[in-house]
Amino acid sequence: MDKNLMADLRGLEALLERAKTEASSFLNRLDDLPPAVKATPREALPLPEQGLGAEPSLRLFMDRYGQELGGSTGPRYFGFVQGGTTPAALAGDWMASAFDLNSSHPGSSAAPQVEQETLALLRQLLALPDTFSGGFVSGATMSNFVGLACARQWVAHRLDVDVAEKGLYALGPIPILSATPHSSTLKALSMLGMGRGSLVRVRAWPGREAMDVEALRAQLDSLGGKPCIVVASAGTVNTGDYDDLEAIGRLKERHPFWLHVDGAFGGLVACSPELAHLTRGMELADSVTVDAHKWLNVPYDSALQFTRHPELLLEIFRNNAPYLDVRQGPAPFADQGPENSRRFRALPAWLTLMAYGRSGYRDIIERDCRLARMLGERIEDSTAFELLAPVRLNIVCFTLRQEGGVTQEDVRGFLDRLRDDGRVFLSPTALNGVPGMRAALSNWRTTERDIEIAWSSMREVAARAAPVR
């Protein structure tokens with residue numbers, strides 16, 4: 001055995017203690033770290049012929065990169081839609097790495113049983129019936145991929161084609177209808193061979209990103225009974241808008257379509273009495289996407305795919321081979337999703353759900369939404385910024401207020417300066433063709449103090465810099 005491996009094994013407890021010290025130091029500074037940093041370009045290190053050992057390598061990493069990691073899991077990282085990591089989820093993630101269990105197959109550990117139990121907990125949080133089964137995947141992109149793969153198989157069956165066996169060559173174009181799909185839906189359509197161009201846009205309500213249900217009905221009527229796929233949004237990425245899931249679901253009584261609900265972050269509002277009306281009808285979906293590393297606040301990478309048609313998962317993803325020792329019993333998770341080998345992602349989610357329960361997550365979600373409204377009110381009264389949409393949930397979409405209009409370069413220049421100021425991080429967007437930016441609040445750590453700090457930074461950066469042209 002390599003001498004460094006032997007030495008590290010003998011000193012494992014000290015090594016883990018050193019790692020804990022570095023992690024604790026980072027977490028204790030998280031509230032004051034810049035949420036994002038522009039990293040310094042470095043020449044890549046060569047692979048050492050003789051390894052350094054774990055502790056010197058850890059020290060080298062911290063010396064080389066430790067000052068430019070950025071506090072993206074902290075309370076003022078408002079870019080994209082990114083949660084933090086609850087203490088319980090962090091402990092679970094560390095233990096998952098220590099246990100290093102492959103949770104794909106039953107019979108070798110309790111990991112698959114823990115995953116099944118976690119799925120049941122999440123169904124309760126999401127108010128989904130027990131008829132939904134599912135599993136963990138790496139993120140919303142893969143969850144959308146799984147849901148749309150099932151949708152493709154379902155449509156194909158209605159056309160007497162088994163796509164999983166015969167391929168797309170045996171199937172003509174499938175209409176996919178949606179008003180404001182996330183970009184990962186288009187990516188999934190590309191990966192599935194259906195193509196980004198197969199998506200047909202449905203008109204949204206004026207001033208909204210939510211689907212006009214009557215426009216959807218008309219497009220379904222025009223298909224003359226041809227089976228299709230409808231992708232509905234439970235929380236759009238720009239404005240946090242929701243399609244009317246209940247009204248869309250009722251259309252299935254007269255039209256043959258698979259309803260996929262992308263609830264990557266917005267599906268979790270089902271646990272809040274104040275907001276649960278937004279997800280009414282989600283139980284009518286055929287498949288549902290939920291991200292865990294967003295509002296559930298577990299570490300990357302973690303998401304859930306749910307479906308009411310588990311038999312389709314087995315048709316698409318089955319992975320039978322003699323060495324896998326498939327026996328009677330529950331279908332292995334390897335047969336229900338794209339990954340054969342899977343990290344024990346369920347453990348961080350199980351621990352955080354048990355640690356904080358429904359009321360804990362209700363508090364996180366309602367507080368983030370209240371704080372988003374607070375930031376929106378500051379922007380609405382501002383002379384430096386203007387809202388591009390009402391604050392409906394946890395996302396504030398706005399732009400710079402300046403004569404002559406705003407360009408994407410103006411926005412990016414402002415956001416670069418804001419990042420370098422080191423107090424808050426926002427990401428760019430465009431809404432209805434207008435360049436803008438968005439603040440997405442999904443972190444359990446965020447408080448009113450963070451909104452005040454972020455607002456001070458935004459005002460000061462806007463005041464001291466002319467637009468970049």
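**Reading rings, loops and overall form**

Trainee: At its relative accessibility, does F385 count as buried or exposed?

Mentor: The model is predicted, so please take every value here as computed from it. A residue counts as buried when its relative accessible area is under 20%, and F385, at 0% relative accessibility, therefore counts as buried. W455 has 7% relative accessibility, so W455 counts as buried by that cut-off too.

Trainee: How should I read the ring pair that F385 and W455 form, and which kind of pair is it?

Mentor: A pair of aromatic rings is described by the distance of the centres and the angle of the planes. By the rule used here, the count comes to 8 aromatic pairs. In the pair of F385 and W455 the ring centres lie 5.8 Å apart and the planes stand at 55 degrees, so the pair is tilted. This pair links distant parts of the chain, since F385 belongs to strand 8 (residues 385-387) while W455 belongs to helix 14 (residues 448-464), 70 residues apart.

Trainee: Which residues do ring pairs link into a cluster?

Mentor: The cluster holds F385, F398, F414 and W455, joined by ring pairs.

Trainee: Turning to the backbone, which two residues does a cis peptide bond join?

Mentor: Here the angle to read is omega, and it is about -5 degrees for the cis peptide bond that joins Y300 and D301. If you want to find D301 in the structure, look in the loop between strand 6 (287-291) and strand 7 (303-307).

Trainee: Which residues other than glycine have a positive phi, and where do they lie?

Mentor: One of them is F80, whose phi is near 55 degrees, and F80 is found in the loop between helix 3 (54-65) and helix 4 (87-99). Another is N432, which is not a glycine and yet has a positive phi of about 55 degrees; N432 sits in the loop between strand 10 (427-431) and strand 11 (434-440). Their accessibility should be read separately: F80 has a relative accessible area of 46%, so F80 is partly exposed, whereas N432 counts as exposed because its relative accessibility is 71%.

Trainee: Is S272, which lies in a loop, buried or exposed?

Mentor: The loop in question runs between strand 5 (257-262) and strand 6, and S272 has a relative accessible area of 0%, so S272 is buried. When neighbours within four places in sequence are left aside, S272 is in contact with R362 and E366.

Trainee: What can be said of the accessible surface and of the charged side chains?

Mentor: The accessible surface comes to about 21,600 Å², and 53% of that belongs to carbon and sulfur atoms. The protein has 50 positive and 57 negative side chains, with the centres of the two sets 2 Å apart.

Key:
Residues numbered from 1 in each chain as written. Predicted model: local features only at pLDDT ≥ 70, side-chain atom pairs only at ≥ 80, totals over all residues. Heavy atoms only, no water. Areas by Shrake-Rupley, 256 points an atom, 1.4 Å probe, with all protein chains shown as cover. Lys, Arg positive; Asp, Glu negative; His and termini not counted. Charge placed at Lys NZ, Arg CZ, Asp CG, Glu CD. Phe/Tyr/Trp six-rings, centres within 6.5 Å; stacked < 30°, edge-to-face > 60°. Helix = DSSP H or I, 4+ residues; strand = E, 2+ residues; numbered from the N terminus. Buried < 20%, exposed > 50% of the residue type's maximum accessible area, 1.4 Å probe, protein only. Contact = heavy atoms within 4.5 Å.
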